[in-house]
Amino acid sequence: MKLPGVAWRTMTGYDLDAVARMAGVVHPDFYEAPEVLAERQRLYPHGSYLLEVNERPAGYVLSHPWRLGTLPALNAELGELPAEPDTYYIHDLALLPVARRVGAASYITNALSKHARAQGFPTMSLVAVNGSQGFWQRHEFEVADIPELFPKLLTYEPEARLMVRRL
Ligand SMILES: CC(C)(COP(=O)(O)OP(=O)(O)OC[C@H]1O[C@@H](n2cnc3c(N)ncnc32)[C@H](O)[C@@H]1OP(=O)(O)O)[C@@H](O)C(=O)NCCC(=O)NCCS
């Protein structure tokens with residue numbers, strides 16, 4: 001990454017208050033309860049990282065194995081991860097404005113793709129919201145139009161798109 005003092009580290013249970021606060025700031029239109037975010041971290045700690053700027057929380061990512069073509073509902077706990085996952089799913093990557101445009105999001109996206117590839121997943125996937133499609137396209141994600149998913153995507157926002165990257 002380009003700046004000193006900017007670093008990702010593994011997220012722990014102690015970080016979840018900060019994560020919920022940041023989610024409220026970055027995603028005011030996509031509310032998810034603290035227990036929903038906490039469950040993602042608990043279910044797959046290997047995919048949960050906190051970004052710090054000068055040791056203060058400045059962003060997070062939550063990701064986990066999943067089934068391609070089944071979208072998790074917004075603000076809902078998963079219960080458990082699928083027994084036979086076939087995609088590595090990025091639930092959310094969110095940076096406070098102070099931490100943007102320094103390469104931190106690209107850094108963790110590349111790290112997650114290495115992890116996903118090492119685990120043998122053929123794809124990564126996510127739902128792009130918030131005008132983030134361009135960012136994901138730079139990371140080789142492509143929009144996947146699956147008509148059966150349109151109603152579910154609409155519950156995120158009208159512009160929400162499923163994006164898939166082949167590994
Ligand atoms: C999307 C987000 C994670 C990108 O973070 P970032 O800090 O800008 O990312 P990086 O610094 O790693 O940027 C990498 C490149 O992507 C570009 N980029 C960033 N956001 C972009 C966007 N929305 N559209 C097109 N390009 C974008 C940057 O300009 C940069 O290009 P450069 O290397 O030529 O300078 C960040 O803007 C964010 O947290 N947004 C709010 C939350 C959100 O929408 N998350 C995605 C939910 S699916």
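**View 1. Residue types in the lining of the largest pocket of this predicted model.** The lining consists of 27 nonpolar, nine polar and six charged residues. In total, 42 residues line the largest pocket. L93, A94, L95, S132 and F135 are the lining residues that lie nearest its centre. The space inside the largest pocket comes to about 1,000 Å³.

**View 2. Elements that line the largest pocket.** Two or more lining residues come from each of α1 (16–26), α2 (34–43), β4 (87–95), α3 (104–118), β5 (123–128) and α4 (133–138). β4 gives the largest share of the lining, seven residues.

**View 3. The largest nonpolar core.** This core has 25 residues. W8, L51, I90, L93, L95 and W136 have the most contacts inside the core. At least two core residues are supplied by each of β1 (6–10), β2 (48–53), β3 (56–66), β4, α3 and β5. The largest share, five residues, comes from α3. In soluble globular proteins, nonpolar side chains tend to be buried together.

**View 4. The open sheet of seven strands.** The strands run in the order β1-β2-β3-β4-β5-β7-β6, and their pairing is mixed. β1 and β6 (142–143) stand at the edges; each has a single partner strand, so one side of each has no neighbour in the sheet.

**View 5. The pairing of β2 with β3.** These two strands pair in the antiparallel sense, over six bridges. S48 stands opposite L62, which is in β3.

Terms used: Residues are numbered from 1 along each chain as its sequence is written. This is a predicted model: local features need pLDDT of at least 70, side-chain atom pairs count only at pLDDT 80 or more; totals for chains, interfaces and linings use all residues. Side-chain values use heavy atoms; hydrogens and water are left out. On a 1 Å grid over the protein atoms alone, a cavity is a set of points where a 1.4 Å probe fits but cannot get out, and a pocket is an open set with protein on both sides within 12 Å along at least five of seven lines; lining residues have an atom within 4 Å of a point. Grid points are joined across faces, edges and corners, and a volume is the space filled by probe spheres set on the points. Helices (H or I, at least four residues) and strands (E, at least two) are DSSP runs, numbered from the N terminus. Ala, Val, Leu, Ile, Met, Phe, Trp, Tyr, Cys and Pro count as nonpolar, Asp, Glu, Lys and Arg as charged, and the others, Gly among them, as polar. A nonpolar core is a set of buried Ala, Val, Leu, Ile, Met, Phe, Trp, Tyr and Cys residues joined through side-chain atoms within 4.5 Å. Buried means under 20% relative accessible area, exposed over 50%, partly exposed in between (1.4 Å probe, protein chains only). Two strands pair if DSSP finds at least two bridges between them.
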